[in-house]
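Dear colleague,

Please find below the structure that I am handing over to you. A short account of the findings comes after it.

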Amino acid sequence: MLLPGLWTQEICANMEIQKQKGKQMESLTASEQIDQKHQEDLQRLRGFRLLDDDFVTKCFEGDTPVGKLMHDFSCTDAADMYYGTLADRGRFFKESKEGIEIMCRAMEDMRNQTLREQSILQKECWQMEY
């Protein structure tokens with residue numbers, strides 16, 4: 001675990017990397033930027049796992065109902081899941097037009113939240129520098 005000061009410095013360094021990425025995005029048209037962000041969201045969505053905690057998964061793995069549920073939470077492909085209801089919902093959000101739109105909106109909301117948080121951290125970084 002990083003100390004609060006080191007954590008803030010790490011965040012500031014990551015924000016500098018994001019600035020460089022932003023400069024690359026500036027050369028794209030607005031339409032190309034939107035398309036690129038949409039493609040990035042779709043890529044994240046394809047690799048999204050309901051539960052990405054290897055420790056919890058290991059604690060409950062096996063041929064038990066909870067073990068099967070933990071297996072399903074770690075699946076990226078609905079065809080590999082044990083529980084049909086969960087597989088159907090996963091398939092809906094990853095494969096149907098309506099589900100993908102819902103997930104893209106959720107990703108956009110998370111991105112906007114991150115931008116708000118980065119703005120706050122950026123102000124803190126600026127205050128640390130001056």
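This is a predicted model: local features need pLDDT of at least 70, side-chain atom pairs count only at pLDDT 80 or more; totals for chains, interfaces and linings use all residues.

Residues are numbered from 1 along each chain as its sequence is written, and side-chain values use heavy atoms, with hydrogens and water left out.

Salt bridges

A salt bridge is counted where a side-chain nitrogen of Lys or Arg is within 4 Å of a carboxyl oxygen of Asp or Glu. The count by this rule is three.

Asp-88 pairs with Arg-91, with 3.1 Å between the closest N and O atoms. These two residues are three apart in helix 5 (residues 84–95), so about one helical turn separates them. Helices here are DSSP runs (H or I, at least four residues), numbered from the N terminus.

Glu-108 and Arg-111 form another salt bridge, again with the closest N and O atoms 3.1 Å apart. Both lie in helix 6 (residues 97–129), three residues apart, or about one turn of the helix. Arg-111 is buried because its relative accessible area is 17%, whereas Glu-108, at 32%, is partly exposed. Buried means under 20% relative accessible area, exposed means over 50%, and partly exposed lies in between (1.4 Å probe, protein chains only).

Lys-68 bridges to Asp-63, the closest N and O atoms being 3.6 Å apart. Asp-63 has a relative accessibility of 66% and therefore counts as exposed, while Lys-68, at 26%, is partly exposed.

Aromatic rings

Lys-68 also lies over the face of Tyr-82, 5.3 Å from the ring centre. For this, NZ of Lys or CZ of Arg must be within 6 Å of the ring centre and within 35 degrees of the ring normal.

A search of the whole structure gives one aromatic pair. The pair is edge-to-face because the rings of Phe-92 and Phe-93 have centres 4.9 Å apart and planes at 75°. Rings of Phe, Tyr and Trp (its six-membered ring) pair if their centres lie within 6.5 Å; planes under 30 degrees apart count as stacked, over 60 as edge-to-face and the rest as tilted. Phe-92 is partly exposed at 22% relative accessibility, and Phe-93 is partly exposed at 22%.

Leu-69 belongs to helix 4 (residues 65–74).

Yours sincerely
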